[in-house]
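I opened the model today to look up its folds, its chain contact and its cores. My entries follow in the order in which I looked.

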Amino acid sequence: MIDKTLSRRTGIRVVPGVALLLVGLILLALTLPASAAENGQGKESHAQYSRRGADTCLKCHDSDHIQSIFRTPHGEQADSRTPFAKLQCETCHGPAGDHPKRVMPGAKRPPIFTFGSDAPYPVEKQNEVCLGCHKEQAGMAWPGGVHNQAGVACADCHTVHAAHDPVLAKDRQPNVCYTCHKTQRAEFQRAYAHPVRSGQLACSDCHKPHKSLSVALLAQPSVNETCYTCHAEKRGPFLWEHPPAAEDCTLCHQPHGSNHRFLLSKTPPLLCQDCHSRAGHPSVAYSGRGLPGNQPSQFVLSGSCTNCHSRVHGSNSPSGAELFR
Amino acid sequence: MKTHLTARVLLALTMLAWGAYAMAADQGEDVDTSHWQCRFCPFPSGAVGHVEAGPGYVSDDSAKYGAYSDLDEKGAFLSLDADATYYGEGARRWDMTVRDLGLENRYIDITGGTQGAYQLSLTYDEIVHHVADDTQTPFSGSGDGDLTLPTGWQRAPTTQGMTSLDGSLHEKDIDSKRQRVGIGVKIPDQGHWTYSVKAQHERRDGTKMTGGAFLNTSTLMAEPVDYDTDRLDANIGYQAEDWQLKLAYLGSFFSNRHDTLTWDNPFTAVTAGADRGQMTLPPDNQFHQISLSGNYRFGRRASFAADVAVGRMLQNQDFEASTVNSQIAVPALPRGSANAEVNTLNANARLVASLAPRLSMTWKFRADRRDNNTPSDAYPQVVADSFLGVTRTNEPLSYSRYTSGLRGDYRFDAGRRVAAGVDYTYYHRNFGSDPLTREYTGWGEVRMPIADAAEVTLKYSHGERTGSNQSPESPAVSQQNPRMTWYDIADRTRNRVRAAVNVSPSARVTLSAIAERTKDDYGDTEIGRTQVFQDSYTLELSFVPAEDSSLYAYITRARYDTKQANSQTYSNPDWMGITRDTYWTGAVGGQVKGIAERVDLSADLSYTHSLGATSVDTGAPEPEFPDYRSGRFTAQVRGDYAWSKSLGVGLTTIYEHYNSKDWQRDNVSPDTIPHLLTMGDASPDYNVVVTVLTMNYKF
């Protein structure tokens, strides 16, 4: 049980500081003038909308990859929440009354509001359009989240016009994430990895980029709770716990991929000897002498320490203190 | 503390909620849409989709190749994927996704309803995991909870003396399969309330390899995997213009159809009655968690988000007997079951405020607590079903961890910005000597253009962790070397640097390079992990020569090094262990669509190579460990020909070559190790060609 004295001590330090900081920042923010982006939004509202809505747009924008939006939930008119139940294309792309008008030779056509990394509009403004409706889906933890602070636009990950947005399909999603997460892409190619490469798992099975406030945007409140989603047998709680297993799976495992079986960061016996130093076999400096052709050793080969201490995640046997049983 | 914090947060949330309500403004605009008929809008109706099906062939057996794809055996298979959507009147819509229907790895998802009113979902998902197909065992009953040796088995002190071993070995693959059925309903945010419930049942069946010891001998065998897990997620949310709250319940119910694994000892028993052994298998458990999350937006200037999750893990399965050795008289146990109970608390809070048009500040707080209320008692120990050892007392692990951080972001313009922050972590474990660590981390990040079409991002962080530089376990109990420090509590200096460059000389070409390095120094550690170093370098090129074609290439090199010290003499460090894993991963590929308006082509080549070096230095000449090695080369080519708008044919060929070396498994037959009877598995090597010819029908 957690020491109550400790909790009280921690609370004394944390709570007043937290409250003061919270109130101070809120008051400061509320007394400041509105941001430039906010002012800009007001100016745009005076622009003209087109005369015939989507019918105007579709005269020119008739390619399949644009028109496939009608196969998506956004294109459903009977749902009052969708863009096409409101101002059609201009719900998201803004007032486009000037855009289709004839332009003088050499003159630039008045632009419409566009999305994506190559769009000339600030990411914040692009995302405001999406978040204006997707409050429940993305609003919870997006502000201040790592993707938001890295300047990621919604359209960097979501292909809104596609009939099936790749980032929502578990076998296609990783390639979207790998656009930025290149180190993780390589990790999932390693000899032992969770089945992301083969399409059985998606990044979003463990990470929730919109809704999580947890470390690494994990889908569950902690590392272990995320792992227990699929590995519930490791939860216990066991009578005899192995402290690192109960505390944090990543103390021994590399979840994205490893050179070693079971996604271990390194193999036993050295992995175990990072923490075990008891006199006798736990602290012996095992060498190649224990390999076949010399003096093959159960302390070195096959599962090494786990050949005997097989209940490494914990044991519920009354005789399981050494994790044999 | 908890009461005060909760009360203050609730008070703040209540005030903020009223403030938000008062500030809410109608931003709607009057637009004349009377002529907006959407006559040219191609709204779909009825069923739309495609089915792709056809025969495939796998050229060779390989559990490693088919580890998760189920293409582990030579022979023909049916490839069948489909996507279909039914569009009905009044926003009715049903989506169906089918993958790998012809394999024992299939995935079917049907989701639909009336958009905006309700959504139902039904999912069936299979995930196989083929671990080894070269494993052998003399035991009968593999996959069950009782393993027996054949009649007439000759026990011996070592594997070489087991005269009946060769004649008794038979193949036993190590694999398992998950089958999940999920059903859900969601009533989305029509109005303010959102409701969703999802229930899932998972059946997992198969085997895993495990070891069972009798003092100085051990046996590897097939442990049954016979699990059922039910999960229930229920959510209710309320959403206003500027704030939202969500209340959620998560229940997880795990049950194992086998309580124990019992096996015959193939070795000569060194103590009376140690002819059979019994180990416990993962016990049934439950987890219940209630969470509340919410956020509040102060216009565009500030946002506050928080969540708190309170959970309880329960495990109270009846104890098995301390031993199956009838020759050992075991004192009475202090209780009949562990009555294990762990309460968890996870809370997060984050406040983001725009203090100026270009300046924002973010404050975050995180609390993680694990209160293990499992009774602590003294249990007599029967060591490996062999003899009565000393009594041991279970020591439940509890911990509390609090992290707080503050960061500031300043944007000079769209391309240039700087950010900096500090984090503080307080981590206390109630285990052994109750180690306490504190960690301070400071970091800074710069993003700026370095040319018209190039951008660079640099980030550096430095962390110092201080705390208990001793093993949390009492040496008197655990007999750990008192100089040992576990690396998760040891003093540590962590330095991280990351640099990324993106160059886009044209809209069609992007070149990026990323370098990451992390170094952990455990400078005060005498025995234990003393250093970890990892880095990763990536170079990537993407090129879009035309609208319907693309090319890419990348290469990544990563390294993971560790150093540790230990003592064979239970005193000062007298040996050092070093591991170094080096990875090379590269790929090149591209696709061209619409050749002669009928042909799509794609090709991908990828290569991954890893090298794991292990070195143990005692100062004396000792035989070295070989390297771990693995290399995989994959070439995949796909061509699609469209006969018509609705009918096409596709041909996919995949060639994959894999080779590996693992000194822990290679050249280890069941009787290679005198005191360990193994299952004889070796590191995998294969050459596999998979060819799939499919018809593609669009409707």
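Entry 1, chain A. I counted 14 helices and 0 strands in chain A. Read from the N terminus, the elements run α-α-α-α-α-α-α-α-α-α-α-α-α-α. I note here that this is a predicted model. Chain A has 325 residues, and 46% of them count as buried. I also looked at contacts in chain A with a separation of 6 or more: residues 24 or more positions apart account for 51% of these.

Entry 2, domains. I find chain A divided into domain 1, covering 53-100 + 109-168, and domain 2, covering 236-307. Taken over C-alpha atoms, the centres of domain 1 and domain 2 of chain A are separated by 51 Å.

How many residues does each chain put into the contact? I get 126 residues from chain A and 166 residues from chain B. On the side of chain A that touches chain B, the elements giving two or more residues include helix H1 (4-31), helix H2 (36-44), helix H11 (182-187) and helix H14 (270-273) of chain A. H1(A) gives the most to this side, with 16 residues. By residue type, I have the side of chain A down as 57 nonpolar, 42 polar and 27 charged.

The largest nonpolar core has 32 residues. Those with the most contacts inside this core are Phe139(B), Met209(B), Leu220(B), Met221(B) and Trp263(B). Strands S5 (118-132), S11 (217-239), S13 (260-264) and S35 (676-677) of chain B each give two or more residues to the core. I then found a second, separate core of 22 residues, which includes Phe298(B), Val308(B), Ala309(B) and Ala349(B).

I left aside neighbours within four places in sequence. Leu220(B) is then in contact with Ser302(A) and Asn307(A) from chain A. In chain B, the contacts of Leu220(B) are Met209(B), Gly211(B), Leu677(B), Thr678(B) and Met679(B).

I placed Thr210(B) in strand S10 (residues 193-214) of chain B. Is Thr210(B) buried or exposed? Thr210(B) is buried, because 20 other C-beta atoms lie within 10 Å, and the cut-off for buried is 20 or more. Not counting residues up to four places away in sequence, Thr210(B) touches Ser310(A), Met221(B) and Glu223(B). I also checked Pro224(B): Thr210(B) and Pro224(B) are 14 residues apart in sequence and, C-alpha to C-alpha, 9.5 Å apart in space.

Note on methods:
Residues are numbered from 1 along each chain as its sequence is written. Chains are lettered from A and ligands numbered from 1 in the order in which they are written. This is a predicted model: local features need pLDDT of at least 70, side-chain atom pairs count only at pLDDT 80 or more; totals for chains, interfaces and linings use all residues. Domain bounds come from an automatic or database domain assignment. Two residues are in contact if their C-beta atoms, placed from the backbone, lie within 7 Å. Helices (H or I, at least four residues) and strands (E, at least two) are DSSP runs, numbered from the N terminus. Ala, Val, Leu, Ile, Met, Phe, Trp, Tyr, Cys and Pro count as nonpolar, Asp, Glu, Lys and Arg as charged, and the others, Gly among them, as polar. A residue is buried if 20 or more other C-beta atoms lie within 10 Å of its own, exposed if 12 or fewer, and partly exposed in between; C-beta atoms are placed from the backbone. A nonpolar core is a set of buried Ala, Val, Leu, Ile, Met, Phe, Trp, Tyr and Cys residues joined through C-beta atoms within 7 Å.
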